[in-house]
Amino acid sequence: MDGLDINTMQFMSTAILLVLSILMTILWNENREQPGAGYWCAFSVLLTIDTIISCFPEIRNMESAVYFFNIVASYFYFFLMLGCFKFVGLNINKYFLLLLFLGCAALNGIGAILELEDGGRRSIIVGFNTIALLLSSYAVIRLDQRVYLIEKYFLLILLILHLLIHAYWFSLGFDISNTNEILFTRSVTPMYMLLILITIALLLLTLGQIRHQLELTRNKGLRIRAALTDAVRETNVANISKSIFLTNMSHELRTPLNIILGFSEALKMGVTGPLNDKQKNFVDNINFGGRRLLELINDLLSLSNIEAGNLEMTMEKIPIGDLVSESKNELEKIGKKYSCVIYFVDNFESDEKNNYISANRDRLSQILLALVDNAAKYGSRNGSIWLNSFILNEKYVRITIKDEGHGIGKEEFQNVFKPFNRAGIDSKAVEGTGAGLAIVKGLVEAMNGKINFESRKSYGSTFWIDLPYFTN
Ligand code: ADP
């Protein structure tokens, strides 16, 4: 192999290393959190710079600069070693590292001052590089993850071959006499080949690491999904058990409760003879408590059915003109009970009245009664309630229920639809269980509708429901 061949090889190695270091930089840039990739990127970039400079022996071997380039060359081996340690997860003593980096710079500096002959200069650089290669090999041997098995042995073989070249140079005592010079020069080319292959091995390890990480993330995702499916299944089973339990319990509770209510009614009516005032008061309390308990049980059962999706809903076509009017009598009874006036305002154009919603009549009536009951209950005595219905947009028809009551404080807004939460109302002041709106919300949503409200303390509240409508 003559001089020209070596130069051609040198240029080719440089071009390949340039491409590899660009790839390494891209990989590191995309996956900065990957351990080791940053150091290996520094290794490949410094190696490429050194190789580029080596293409110009007149610069590389310039008297004043040769020791500086030696430091650069040793430092990229140090980065190779650091990357290997980081990749494997081994710690390296920071004082040792400092000693290595500073010692390398210092010894090369001393060499420059003493103007050592070539053999001495080379022994400094090869000495440091050998330490870095030995430590890198140690780190790679400690890599015990099976996923990197091929890459591990590939890199290890390359490092050992590299060390063998160093051993060969040591055996020559860096003596560049006639024959040895040729051998020495010839071994430089294989060394560049080795460095290229080492860079490729590092690239493969980095890629393997990314692939491994992706697989871990994917497996984690699959495990989470499986756990979620299990949790959902368990929750469903628990929900079904809860519903069965509640249905049975409420049946068991309602039977004795109805006996209590029945007999207390009978006592009130004087079936067993007239009652004195004290007895009347006691019986009233029994009856009141019993009714409240029954209400609570019924609410509990409704909520549990809604949660478990056990609502019986036979959907019917209800013309939007009839949405409120069908419940008008019942709603007016509520008005009478609380001495309020209810105004029914229907804003539909005559052609709009033919549009219809798909809903269950009884449930719709239950929703309106509950909302109007609240408007009356929390409204002002002898006040007014407005029921307004109109087409909201091309999708929904809206019914609003507006009262002039004490309103709801902003701080309680988030509690209004929570089951058994009375949004700050004192239970003794106003009768109720706090379940009504949670049930209403469940029913509205089961009909694909929406419910919301606006309220201002001391000014009153407006609740509304939006139901999807269809054109005939
Ligand atoms: P309940 O009326 O049994 O307490 P609801 O679920 O119907 O239960 O209502 C929850 C809470 O929301 C009520 O306790 C009350 O504080 C508040 N609320 C509901 N409707 C109105 C309204 N029209 N005006 C003021 N507050 C209301």
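Tutor: Helix α4 (residues 66-88) gives the most to the lining of the largest cavity, with three residues. Helices (H or I, at least four residues) and strands (E, at least two) are DSSP runs, numbered from the N terminus. This is a predicted model, in which local features need pLDDT of at least 70, side-chain atom pairs count only at pLDDT 80 or more, and totals for chains, interfaces and linings use all residues. Residues are numbered from 1 along each chain as its sequence is written, and side-chain values use heavy atoms, with hydrogens and water left out.

Student: What is meant by a cavity, and which residues line the largest cavity?

Tutor: On a 1 Å grid over the protein atoms alone, a cavity is a set of points where a 1.4 Å probe fits but cannot get out; a pocket is an open set with protein on both sides within 12 Å along at least five of seven lines; lining residues have an atom within 4 Å of a point. Here the largest cavity is lined by Trp-40, Cys-84, Phe-87, Val-88, Val-140, Leu-143, Leu-155 and Leu-205. A search of the whole structure finds one cavity of 30 Å³ or more, and the largest cavity holds about 40 Å³ of space. For such volumes, grid points are joined across faces, edges and corners, and the volume is the space filled by probe spheres set on the points.

Student: How many residues of each class are in the lining of the largest cavity?

Tutor: The classes are set as follows: Ala, Val, Leu, Ile, Met, Phe, Trp, Tyr, Cys and Pro count as nonpolar, Asp, Glu, Lys and Arg as charged, and the others, Gly among them, as polar. By that scheme the lining of the largest cavity has eight nonpolar, no polar and no charged residues.

Student: How many disulfides does the structure hold?

Tutor: A disulfide is a covalent bond between the sulfur atoms of two cysteines. The criterion applied is a pair of cysteine sulfur atoms within 2.5 Å. The structure holds zero disulfides. For Cys-41, the closest cysteine sulfur is in Cys-84, and the 15 Å between the two sulfurs is too far for a bond.

Student: Is Cys-41 buried or exposed?

Tutor: Buried means under 20% relative accessible area, exposed over 50%, and partly exposed in between (1.4 Å probe, protein chains only). Cys-41 counts as buried because its relative accessibility is 6%. Cys-340, at 12% relative accessibility, also counts as buried.

Student: How is the protein divided into domains?

Tutor: Domain bounds come from an automatic or database domain assignment. In this protein they give domain 1 (2-225), domain 2 (243-308) and domain 3 (316-471). The centres of domain 1 and domain 2, taken over C-alpha atoms, are separated by 87 Å.

Student: From which domains does the lining of the largest pocket draw at least three residues?

Tutor: That lining draws at least three residues from each of domain 2 and domain 3. The largest pocket has a volume of about 1,200 Å³. Its lining has 47 residues, of which Ala-370, Asp-373, Asn-374, Lys-377 and Gly-436 lie nearest the centre of the pocket. The elements that give two or more residues to this lining are α9 (277-307), α10 (328-337), α11 (361-377), β5, α12 (436-446) and β7. The largest share, nine residues, comes from α11. By class, the lining of the largest pocket has 20 nonpolar, 15 polar and twelve charged residues.

Student: With which strands does β5 pair in the antiparallel sense?

Tutor: Two strands pair if DSSP finds at least two bridges between them. Strand β4 (residues 384-391) pairs with β5 in the antiparallel sense over seven bridges, and β4 and β5 form a hairpin with four residues between them. In this pairing, Val-397 of β5 is the bridge partner of Ile-391. Strand β7 (residues 460-470) and β5 are also antiparallel, with seven bridges; there, Phe-463 of β7 is the bridge partner of Ile-401.

Student: Why is β5 described as largely enclosed by the rest of the structure?

Tutor: Strand β5 (residues 396-403) is so described because seven of its eight residues are buried.

Student: Which residues other than glycine have a positive phi?

Tutor: Among them is Phe-420, with phi near 60 degrees. Phe-420 lies in the loop between β5 and α12 and counts as partly exposed at 35% relative accessibility. Asn-448 has a positive phi of about 65 degrees. Asn-448 lies in the loop between α12 and β6 and is exposed, with a relative accessible area of 56%.
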